[in-house]
Amino acid sequence: MALLPINKYFVFNSELKPVEEFVPSENEGGVYEVIRVMSGVPLFLDDHLSRFNTSAKIAGKTILFTPQQVKQYLENLIEHNRIVEGNILLSCKTNLKAFFIAHKYPTEDEYKTGVKCGILEAERNNPNAKLFQTSVRKKANQLIKENRFYEVLLVDHLGKITEGSRSNLFFIKGDKIITPPPNKVLLGITRQKTLLCAQKLGFNVLEEEVLYNNVDSFDAVFITGTSPKILPVRDIGEVSFNTENRILRSLMNEFDIIIKEYIKNA
C-alpha cells in the first residue's frame, strides 16, 4: 500500500526533502503512527513515539533514530510546511519516513448525532503493534465505501468485537464503560487518554470481551482515534444507540479539555 505526501516537504531518515523527490513504496509489514497536528502542535507526541518504538520491537524492525531526533524531524516538518492543522504519517519499514497525508475529520453533525458502523469478520496479526496490513485495510475500505459507513468493526473467529479497522471501541451499559481487553487490540493513544478521562471523572471501566451477538444490550457505543477523537456511534448494522448518553458526553468534553491543556503547555 503506497501512500503519498501532501504539502511541500517530507522527512526521509534525517533529511527534509521536497515532495517531488518522494518515491512511493510498498509499506506492508512496516510500522507506523498517525499523529494529529492542532494549532501547530503534534498532539501527545511522546506517547506516539513510545508506541512507534514498541511496535518496531514487536515487528522486529529497527528505528535508527532516537525519539528525540524523530521529534525534531517532525517539528521541522511542521515548521517548513507551515501547517497548523493536519495529520502526519510516521513510518518505518526500512527507512524512516514522515509526511503530511490527506485527512478527514468528523463533522459537527457527526459528533452530535453519531455515525453508522458496519462489521467485518477479520483479525489483525500482532494487535499490539501498529502495522501496515494491506488485506484488512482493503476489505475495510471497500465496505466503508460501498455502504457509506464511517468505520467497520472487526469481529474475530469467536464472534467477539475487538476494535475498529482504524479505531478503538467503548461500550456503555448503565454506569459502566466496557472496552475490549488490551491484549486483543491496538493500544490507541486516544484510547489511553479516554481511560484517563474516565478515571478522572470517576467512571467505572471494565476491560472485557464483547460478543457481537450481545451488542444490542448496550446503551451507547463510541469509537476513539487520532482523527475522530471520541465519536458517538449511532448504529451498528440495524442496532441503534443513544448518542446523547451522559457518560459519553462527559468523556467527550473532558477529552477536549485535555487537548486544550496539552496545546497550551506545548
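Predicted model: local features only at pLDDT ≥ 70, side-chain atom pairs only at ≥ 80, totals over all residues.

Reply: Residues are numbered from 1 along each chain as its sequence is written, and side-chain values use heavy atoms, with hydrogens and water left out.

Me: At what angle do the axes of helix 1 and helix 5 cross?

Reply: Helices (H or I, at least four residues) and strands (E, at least two) are DSSP runs, numbered from the N terminus. Axes are lines fitted to C-alpha atoms, for helices over the stretch in contact, and angles run from 0 to 180 degrees between N-to-C directions. Here helix 1 (residues 45–59) and helix 5 (residues 189–201) have axes that come within 10 Å and cross at roughly 125°. The two helices are therefore oblique to each other (angles under 35 degrees count as roughly parallel, over 145 as roughly antiparallel, 65 to 115 as roughly perpendicular and the rest as oblique).

Me: Which hand does the crossing of helix 1 and helix 5 have, and which residues meet there?

Reply: A crossing is left-handed if the near helix is turned anticlockwise from the far one by less than a right angle, and right-handed if clockwise. Helix 1 passes helix 5 in a right-handed crossing. Contact means heavy atoms within 4.5 Å; on the side of helix 1, Asp47, His48 and Arg51 meet Ile189, Gln192 and Lys193 of helix 5. Of the residues in this contact of helix 1 with helix 5, one is nonpolar, two are polar and three are charged (Ala, Val, Leu, Ile, Met, Phe, Trp, Tyr, Cys and Pro count as nonpolar, Asp, Glu, Lys and Arg as charged, and the others, Gly among them, as polar).

Me: How do helix 5 and helix 6 cross?

Reply: The axes of helix 5 and helix 6 (residues 246–265) come within 9 Å and cross at roughly 110°. That angle makes helix 5 roughly perpendicular to helix 6. This crossing of helix 5 and helix 6 is right-handed. Helix 5 contributes Thr190, Lys193, Thr194, Cys197, Ala198, Lys200 and Leu201 to the contact, and helix 6 contributes Ser250, Leu251, Glu254, Phe255 and Ile258. The residues of the contact of helix 5 with helix 6 comprise six nonpolar, three polar and three charged.

Me: Is asparagine 168 buried or exposed?

Reply: Burial is judged from relative accessible area: buried means under 20%, exposed over 50%, and partly exposed in between (1.4 Å probe, protein chains only). Asparagine 168, found in strand 10 (residues 168–173), counts as buried at 6% relative accessibility. A polar contact is a pair of N or O atoms within 3.5 Å; within protein, one must be able to donate a hydrogen and the other to accept it, and residues adjacent in sequence count only if both atoms are side-chain atoms. The side chain of asparagine 168 reaches the backbone nitrogen of glycine 188 at 3.2 Å. Not counting residues up to four places away in sequence, asparagine 168 touches several residues, including Glu163, Arg191 and Phe222.

Me: Where is asparagine 245 found, and which backbone nitrogen does its side chain reach?

Reply: Asparagine 245 is in the loop between strand 16 (239–240) and helix 6. With 10% relative accessibility, asparagine 245 counts as buried. Its side chain reaches the backbone nitrogen of isoleucine 247 at 3.0 Å.

Me: How far apart in space are leucine 143 and leucine 120?

Reply: Separation along the chain and separation in space are read individually. Leucine 143 and leucine 120 are 23 residues apart in sequence and 8.1 Å apart in space, C-alpha to C-alpha. Leucine 143 lies in helix 4 (residues 134–147) and is partly exposed, with a relative accessible area of 22%.

Me: What is the phi of arginine 82?

Reply: Most residues other than glycine have a negative phi, and most peptide bonds are trans. Arginine 82 has a positive phi of about 55° although it is not a glycine. Arginine 82 lies in the loop between helix 2 (67–81) and strand 5 (86–92) and is exposed, with a relative accessible area of 76%. Lysine 229, also not a glycine, has a positive phi of about 60°. Lysine 229 is found in strand 15 (residues 229–236) and counts as buried at 16% relative accessibility.
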